[in-house]
Amino acid sequence: MGAVERILEREFVPADDDGVVVCRCEEITKGEIRRAVHDGIFTMTEMRRYLRAGMGLCQGQTCAKNVKALMARELGVPPLELEHATARSPMRPVEMYVLANEEVAD
Amino acid sequence: MKRYDLIVVGAGPAGLSAAIEGAKRGLKTVIFDENEKPGGQLFKQIHKFFGSKEHRAKIRGFKIGEELLAEAAGLGVEVVLNAAVIGLYQEKEVVVRIGEAVRHYKGDAVIVATGATENAVYFEGWDLPGVIGAGAAQTMMNLHGVRPGEKVLMLGAGNVGLVVSFQLLQAGCEVVAVADAASAVGGYGVHAAKVARTGVSFYLSHTIIKAEGGDRVNAVTIAEVDERFQFIPGTEKRFEVDTVCLAVGLSPMCQLLKMAGCRVLEIPAKGGQVPLVGTRGETSADGIFAAGDVSGIEEASSAMIEGRIAGIAAAEYLGYAVNAELEAAIAENEAALSELRQGMFAPGRRGDMVEFTDEGIHVSVSLLKKGYVNDEEIARFTSASETPGFRPIIECTQNIPCNPCRDVCPRNCIKVESITALPRLNEYNACSGCGLCVASCPGQAIFLVNGDVGGGFANVTLPYEFLPLPKEGDRGVALGRDGQVVCEAWVSKAQISSAFDKTNLLTIKVPAEMAGKARFFKSKGAV
Ligand SMILES: Cc1cc2nc3c(=O)[nH]c(=O)nc-3n(C[C@H](O)[C@H](O)[C@H](O)COP(=O)(O)OP(=O)(O)OC[C@H]3O[C@@H](n4cnc5c(N)ncnc54)[C@H](O)[C@@H]3O)c2cc1C
């Protein structure tokens, strides 16, 4: 894994626009995402768990592509090399009381 | 668990078409859609569609939606709205949120037609209220009758950005600019041209640096980018706006298919992650099909065809159709599909710089850079003569699959040889000036010119889809293709006709030498 070793060797370099929010639902900034890569977060699934980017109301519908591109750039790999996060039910946010109200028989 | 022969997820053009074909063959069919209105994207699309008769060209999108819905209802398809499908599991178990409950259904076949979602770009201030997706603006205007703002900047010069810009103008908004990081307009030139001629400026190779504001956006700054998409210092332009629309592409929504274990691939040309599908829409999971934008961003016309194929395939899978019928339907639909996938904007040619039309005419560079064909370039395609009598001037300069102008002319004046060929006038001129071609052109690219109406004047008849419609005798100015004032003009006729389907025809009188330039009218009120 050349890319991984390379990223761990490289210092995180702050940028002017690190404060820009990328994941609106969970209010995660560009800088936080970039830094997380240097902390050892190399996959979209890990990123979701680590920062909750893509875990909010829209379930990554808005930001996933941008988070992915950002991570890829930081890792120095083409975005196609990063896998998307796993798709899980519920595909849309559902309130707990609705989830609990399951109508099985019909 | 309630069982259906066929469960369709998504009531857009693909899903409705799939359900129609399934139900026609006797499948007990249900469609779930999370929206409160069926039709998917179609119900926002108030513009006339491209294509040929078979693709329902020149019909407005929402009308196509109404037709599909009526057909589905007539066949007994159950359409359940406000029903978000939240899971798709093994054995084709479909989990749906309906009201305050979660219900489980079993489909012997499942067709996923969930369409796509809008992409976003981030920049300083993009999270301010007033920065919205172009699709959201379209929903606000065309479904809810709400104007998203007064002054709008559109980011994105693809078809979505162009169509929505025009609709913003129709809703009475001021569009301060259309910007795009790409170096050329990505959408159909005719869509760009109808926006540009109203006076909207295009900024290609430009993108947004930042949006400013407090409670909502009140200004936006764009700047030019170089080939590596880096901002070029000193090229900043700031606009006061209350709305910024983002039209930067769509991504297929294939999460349900992933959940069900279908193989997906990431294909940038199709918009992102898409299911691997065969010619009949079948995914890698047994009995699960995909159709429409979910399997690659395209058009409503192709979504309908893919939906039809998937619907028949589902029927065949369940034994309600014989294979020969399926093969025949696939062949027929594939022919229609391949017609749509021809021309300069064909999926395989996306992103290519096309230099010549199929006819060997040098394409308009100004159209790609500024959104309009300039006066010098237009001469390669058409010319207005300064003689009496009507003549259609067809400013259709790209090879796109579309031919209503040919079919609508009662005197066969217009030829469109293959569906993507540029329209040509027949040698003899039998034009009666009926205006049907002007009204039916989905690109609003046809004008009628009567080169000599006496006194050194000419009449130019143009498509006009704005309110209020100027009245006969109104005085104003004619604008050129570039949206700049070219001369004074007087309205000599304003025609409304059901045959024109809400594209009104405005005939303006201009000095004869301006007949080749005057392409839009701005009223100054009655004389
Ligand atoms: C501005 C604009 C202009 C366009 N102009 C044209 C044009 O002129 N000609 C043309 O041919 N095409 C045009 N298109 C493209 C066309 O609208 C789309 O390609 C087409 O609508 C795709 O159809 P679809 O059925 O795949 O998806 P959609 O129309 O997007 O329908 C998908 C449906 O699925 C539902 N859905 C999604 N997820 C779920 C879920 N989990 N549970 C339940 N329901 C769900 C959605 O609510 C939606 O109703 C245009 C698009 C835009 C945005």
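User: Where in chain A is confidence lowest, and where is it highest?

Analyst: In this predicted model, the confidence within chain A is lowest in helix 1 (residues 2-9) of chain A, with a mean of 73, and highest in strand 2 (residues 28-29) of chain A, which stands at 98. Where pLDDT is low, the predicted coordinates should not be read in detail.

User: What is the mean pLDDT of each chain, and what scores does the model have?

Analyst: For chain A the mean pLDDT is 91, and 93% of its residues reach 70 or more, while for chain B the mean is 95, with 99% of its residues at 70 or more. The model has an ipTM of 0.93 and a pTM of 0.95.

User: Why are helix 1 and helix 7 of chain B called roughly parallel?

Analyst: The axes of helix 1 (residues 13-24) of chain B and helix 7 (residues 300-317) of chain B cross at roughly 30° and come within 7 Å. Angles under 35 degrees count as roughly parallel, and the two helices of chain B are therefore described as roughly parallel to each other. Their crossing is right-handed. On the side of helix 1 of chain B, the contact is made by Pro13(B), Ala14(B), Ser17(B), Ala18(B), Glu21(B) and Gly22(B), and on the side of helix 7 of chain B by Ala300(B), Ala303(B), Met304(B), Gly307(B), Arg308(B), Gly311(B) and Ile312(B). By class, the residues of this contact are seven nonpolar, four polar and two charged.

User: How do you know that Arg308(B) takes part there, and what does Arg308(B) contact?

Analyst: Arg308(B) lies in helix 7 of chain B, and, leaving aside its neighbours within four places in sequence, Arg308(B) is in contact with Ser17(B), Ala18(B), Glu21(B) and Asn333(B). Contact here means heavy atoms within 4.5 Å. The C-alpha atoms of Arg308(B) and Gly22(B) are 8.4 Å apart in space, although these residues are 286 apart in sequence.

User: Which peptide bonds are described as cis, and what is omega in each?

Analyst: The bond from Ser89(A) to Pro90(A) is cis, with omega near -5°, and Pro90(A) sits in the loop between helix 4 (64-75) and helix 5 (96-100) of chain A. A cis peptide bond also joins Leu467(B) and Pro468(B), where omega is about -5°, and Pro468(B) belongs to the loop between strand 24 (457-464) and strand 25 (474-479) of chain B.

User: What is phi of Gln59(A), and where is Gln59(A) found?

Analyst: Phi of Gln59(A) is near 55°, a positive value in a residue other than glycine. Gln59(A) is found in the loop between helix 3 (44-51) and helix 4 of chain A.

User: Which residues are in contact with Lys258(B)?

Analyst: Lys258(B), in helix 6 (residues 255-259) of chain B, is in contact with His84(A), Ala85(A), Ala87(A), Val264(B) and Gln273(B), leaving aside neighbours within four places in sequence.

How values were computed. Residues are numbered from 1 along each chain as its sequence is written. Chains are lettered from A and ligands numbered from 1 in the order in which they are written. This is a predicted model: local features need pLDDT of at least 70, side-chain atom pairs count only at pLDDT 80 or more; totals for chains, interfaces and linings use all residues. Side-chain values use heavy atoms; hydrogens and water are left out. Axes are lines fitted to C-alpha atoms, for helices over the stretch in contact, and angles run from 0 to 180 degrees between N-to-C directions. Helices (H or I, at least four residues) and strands (E, at least two) are DSSP runs, numbered from the N terminus. Angles under 35 degrees count as roughly parallel, over 145 as roughly antiparallel, 65 to 115 as roughly perpendicular and the rest as oblique. A crossing is left-handed if the near helix is turned anticlockwise from the far one by less than a right angle, and right-handed if clockwise. Ala, Val, Leu, Ile, Met, Phe, Trp, Tyr, Cys and Pro count as nonpolar, Asp, Glu, Lys and Arg as charged, and the others, Gly among them, as polar. pLDDT is the predictor's confidence in each residue, from 0 to 100.
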